[in-house]
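Welcome, and please load the model in your viewer.

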Amino acid sequence: MEDTDTAPGLGDDGLTPGWAPPPVDAIDTAKAHPARIYDCLLGGKDHFEVDRQAAEVVLKALPGAREMVRENRAFLGRAVRHLAEAGITQFLDIGTGIPGPGNTGDVARSIRPDARVVYVDYDPVVAVHSRALLAGADPELTAIVVADVRDPKSILDSPAVGEVLDFEKPIAVLMVALLHFIKPEEDAHGIVATFRDALPPGSAVVISHGTDGGDPETSAEARKGWDNATSQFTVRDRDDIVALFDGLELALPGVVNVPLWRPEGAVREDWADIWFDGGVGFKR
Ligand SMILES: C[S@@+](CC[C@H](N)C(=O)[O-])C[C@H]1O[C@@H](n2cnc3c(N)ncnc32)[C@H](O)[C@@H]1O
């Protein structure tokens, strides 16, 4: 593990990115970070005061935000399970977040014990936590890479990605609750297309994305929580999110509010209050 994740990812001090391009920075406790705001909303412990303040802004406008991120996380689990059951054994999880129970590797390996997983995030805090959590992981099967999805080629060309994943066999690329951190001018569509084009047939792309829930004013208030963070929050509507799957075949039920995506139990009645859309697309 040590060799795989330090060589392409972190520098000698374990915090400074060794090779990744800007805007990756060292751990900054003075600025809120999306991964730590998310952790705070999820009820985790890995965040700082500045992240709690940001989460408070979100919750003040949108008290249901905690439920939303829990449902998003549950969607991630169901999507990974679905893909592992469909035979996919390789996962490239971009915008991993601070790993908690039910992370991609846990779910995938509960079905495919030999699943290969590369975690990618631009936040060095995520890499530090991932490394601690995955300390005993088999380095042939797992890697952690610090990189920015706005430079997709830096991820595809990363030595750790090439060592763990075989691009001759199907790979699931996860961009779960990630692309709303890509501004309109940063071309989320082009980013997804770059991964799609690099994948072999049988591969899949998993996306979930924040929406304004049909209430733009409340959404704008809530999004102020990210105004002073390292990335801001851009909502997209259903059509824009469907368009991210261009060139892919959407698995049923298509792009839906995440609680409606292949639920494993009763669907909550207030599913429309979960302002995340998600779906899974296959490359044929
Ligand atoms: C809301 S969390 C989602 C975590 C996890 N995917 C989930 O859905 O449970 C978003 C993650 O994306 C990461 N992120 C945001 N912008 C990024 C970028 N440009 N490149 C790589 N990671 C990014 C953040 O650091 C954070 O960990």
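Start by selecting Asn-72 and the ligand: a polar side-chain atom of this residue lies 2.9 Å from an oxygen atom of the ligand. That makes a polar contact, meaning a pair of N or O atoms within 3.5 Å; within protein, one must be able to donate a hydrogen and the other to accept it, and residues adjacent in sequence count only if both atoms are side-chain atoms. Before going on, note that this is a predicted model, in which local features need pLDDT of at least 70 and side-chain atom pairs count only at pLDDT 80 or more, while totals for chains, interfaces and linings use all residues. Residues are numbered from 1 along each chain as its sequence is written, and side-chain values use heavy atoms, with hydrogens and water left out.

Then show the backbone of Gly-95: one of its polar atoms is 2.7 Å from a nitrogen atom of the ligand. How much of the ligand does the protein bury? The protein buries 99% of the 600 Å² that the ligand exposes when taken alone (accessible areas by the Shrake-Rupley method with a 1.4 Å probe; for residues, only the protein chains shown count as cover).

Now widen the selection to the 20 residues around the ligand, of which Tyr-38, Arg-73, Gly-95, Asp-121 and Val-176 come nearest (a residue is near if one of its heavy atoms lies within 4 Å). Colour this shell by class and you will find 11 nonpolar, four polar and five charged residues; here Ala, Val, Leu, Ile, Met, Phe, Trp, Tyr, Cys and Pro count as nonpolar, Asp, Glu, Lys and Arg as charged, and the others, Gly among them, as polar.

Switch to the cartoon. Helix 4 gives the most to the shell, with three residues. Helices (H or I, at least four residues) and strands (E, at least two) are DSSP runs, numbered from the N terminus.

Move on to helix 3 (residues 49–61), where Glu-49 and Arg-52 sit three residues apart, about one turn of the helix. Their side chains meet in a salt bridge at 3.3 Å, N to O (a side-chain nitrogen of Lys or Arg within 4 Å of a carboxyl oxygen of Asp or Glu). By this rule the count comes to 14 salt bridges.

Select Arg-268 in the loop between strand 7 (256–257) and strand 8 (276–282). Its side chain makes polar contacts with the side chains of Glu-67, at 2.7 Å, and Asp-270, at 2.6 Å.

Finish with two backbone stops. Leu-252 and Pro-253 are joined by a cis peptide bond, with omega about 10°. Asp-187, though not a glycine, has a positive phi of about 60°, and is found in the loop between strand 4 (172–176) and helix 9 (188–198).
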